[in-house]
Protein chains: 2
Amino acid sequence: MDEKPPTLTERRKAATQLELAHAAARLFTDRGPDATTAEEIAAAGGVALRTFYRYFRTKEDAVAPLLTVGADRWRALLAASDRSLDPLTAIEHAIVEALSPTDDEIDGAHWMRGLLRAGADDPALMTVWYRVNRESEAKLHGVIAELSEPAIDAVTTRLVAAAATDAIRVAFETWAETDAPPHGPDGPAALAARNFRRLSAGLRDA
Amino acid sequence: MDEKPPTLTERRKAATQLELAHAAARLFTDRGPDATTAEEIAAAGGVALRTFYRYFRTKEDAVAPLLTVGADRWRALLAASDRSLDPLTAIEHAIVEALSPTDDEIDGAHWMRGLLRAGADDPALMTVWYRVNRESEAKLHGVIAELSEPAIDAVTTRLVAAAATDAIRVAFETWAETDAPPHGPDGPAALAARNFRRLSAGLRDA
DNA sequence: CGCCTGCATGGCACGTTGTGTCACTTAGGC
DNA sequence: GCCTAAGTGACACAACGTGCCATGCAGGCG
């Protein structure tokens with residue numbers, strides 16, 4: 001990969017973006033997105049309103065980096081996974097590995113739950129969650145298409161990407177409604193793994 | 001069902017709402033949502049701007065009725081379907097029946113393709129499509145939960161609802177990118193049916 | 001060292017979105 | 001013919017998101 005984040009300016013930009021994302025997440029979970037103005041987020045991040053809109057297209061978009069970081073790591077793991085596995089199994093392994101190990105991601109899980117709960121009664125915030133999932137699905141589709149034998153139907157790979165994204169999305173949404181710890185048997189990783197098994201079984205344990 | 005749409009006022013309201021929805025769909029597909037103001041939609045529908053916002057929460061929401069009508073009928077068919085079938089099969093039968101028969105729905109399919117294409121390069125419009133799908137998924141979850149044996153895990157029914165919604169969403173999105181007729185072998189109904197078979201097979205034809 | 005080009009930022013003005021409020025009209029029951 | 005309720009319209013307003021230009025700061029060149 002790139003060992004050199006070239007200009008020092010770029011690191012400052014990335015830091016500012018994360019700063020704004022965290023400020024937005026805190027304000028959103030506290031009073032809700034509706035009661036938060038873009039100017040407040042900008043002030044909390046130490047930039048002017050105009051600058052805020054150079055980082056994010058909309059007010060709610062500010063939290064998107066916090067929602068994508070997990071999926072990005074997961075997809076990277078998948079792209080480097082064993083080619084001999086069938087796609088669904090490879091995806092399951094990658095997601096378990098991406099979520100289960102402990103690291104500073106607990107922080108990410110904390111934000112995730114707060115934001116999902118806040119989004120439950122705010123359509124605009126929920127929209128970001130869905131947009132993030134859809135973009136993740138599109139990127140995932142690319143990885144899966146490259147991972148599978150070349151002759152696979154594009155609709156099939158698309159469906160696999162959609163179903164896999166849903167398995168994880170449902171896992172997170174279900175977990176966010178509970179108070180279960182992020183790494184227990186009712187955490188997102190365990191729920192996601194169970195969902196993948198259900199998908200493999202043709203959703204037939206109903 | 002209700003044979004009496006009680007007050008005549010309500011029929012006028014419904015008519016106005018449809019009028020606005022069609023006006024919005026026409027303007028959106030013509031010049032794109034960005035280049036269309038809410039005031040133009042209101043004028044095209046024959047109401048004042050303030051009245052427009054009494055019908056729809058946002059500008060893009062105006063097309064939502066055109067996107068939900070198909071899913072609503074499909075869900076009604078499913079709720080009235082045979083209890084002895086397993087859920088996934090019942091869902092597949094319902095969607096084929098809801099989409100395949102010919103009626104004035106061709107009009108709806110026409111709008112659908114135009115709006116999906118317009119939404120491809122307009123995030124705000126795509127947002128409506130996601131929100132509609134999410135609400136459809138939530139309602140579908142209720143129907144499935146009632147359709148299944150009572151002791152079924154809530155996560156499972158949720159996953160089934162999500163996967164089924166995706167099977168249809170992917171079918172529509174795939175079809176919208178082509179010029180295939182809505183009722184041919186590459187139409188949304190046929191694609192959706194194939195996707196359901198893939199789901200039943202555990203996504204294993206990869 | 002002084003200059004100059006590029007880039008991130010801030011300030012300002014502006015059109016648009018979406019809402020609160022009040023006054024006007026019309027539907028539908030007494 | 002009257003009355004209450006509801007849909008409608010006009011106006012004012014906060015907030016959103018963008019275009020434009022000026023400022024400050026980095027690094028390369030004479």
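Predicted model: local features only at pLDDT ≥ 70, side-chain atom pairs only at ≥ 80, totals over all residues.
1. Helix α7 of chain B (residues 123-147) and helix α8 of chain B (residues 154-176) have axes that come within 8 Å and cross at roughly 135°. The pair is therefore oblique, and α7(B) passes α8(B) in a right-handed crossing. On the α7(B) side the contact is made by B:N133, B:S136, B:E137, B:L140, B:H141, B:I144 and B:A145. From α8(B) come B:T157, B:R158, B:V160, B:A161, B:A162, B:A164, B:T165 and B:R169. Sorted by class, this contact has 7 nonpolar, 5 polar and 3 charged residues.

2. Now for the meeting of the two α7 helices. The axes of α7(A), residues 123-147 of chain A, and α7(B) come within 10 Å and cross at roughly 95°. That angle makes α7(A) roughly perpendicular to α7(B), since 65 to 115 degrees counts as such. Here A:P123, A:T127, A:Y130 and A:R134 meet B:T127, B:Y130, B:R131 and B:R134.

3. What does the whole contact between the chains look like? It takes 30 residues from chain B and 30 residues from chain A. On the side of chain B that touches chain A, α5 (87-99), α7, α8 and α9 (188-200) each supply at least two residues. The largest share of that side comes from α8(B), with 11 residues. By class, the residues of the chain B side divide into 16 nonpolar, 7 polar and 7 charged.

4. A quick geometry check on α4(B), residues 64-79: at 1.5 Å a residue, its 16 residues should span 22 Å, and the end C-alpha atoms are 22 Å apart, so the two agree. Several residues of α4(B) are buried, including B:L66, B:L67, B:G70, B:A71, B:W74 and B:L78. B:P65 and B:R75 are also among the buried residues of this helix.

5. A:L203 has a positive phi of about 55° although it is not a glycine, and it is found in the segment after α9 of chain A. Is A:L203 buried or exposed? A:L203 is buried, because 24 other C-beta atoms lie within 10 Å and 20 or more is the cut-off.

6. Over in chain B, phi of B:L203 is near 55°, again a positive value in a residue other than glycine. B:L203 sits in the segment after α9 of chain B. B:L203 is buried, with 24 other C-beta atoms within 10 Å.

Technical notes
Residues numbered from 1 in each chain as written. Chains lettered and ligands numbered in written order. Axes fitted to C-alpha atoms, helices over the stretch in contact; angles between N-to-C directions. Helix = DSSP H or I, 4+ residues; strand = E, 2+ residues; numbered from the N terminus. Parallel < 35°, antiparallel > 145°, perpendicular 65-115°, else oblique. Left-handed = near helix turned anticlockwise from the far one by under 90°. Contact = placed C-beta atoms within 7 Å. Nonpolar A, V, L, I, M, F, W, Y, C, P; charged D, E, K, R; others polar. Expected span 1.5 Å × (residues − 1). Buried ≥ 20, exposed ≤ 12 C-beta atoms within 10 Å, placed from the backbone.
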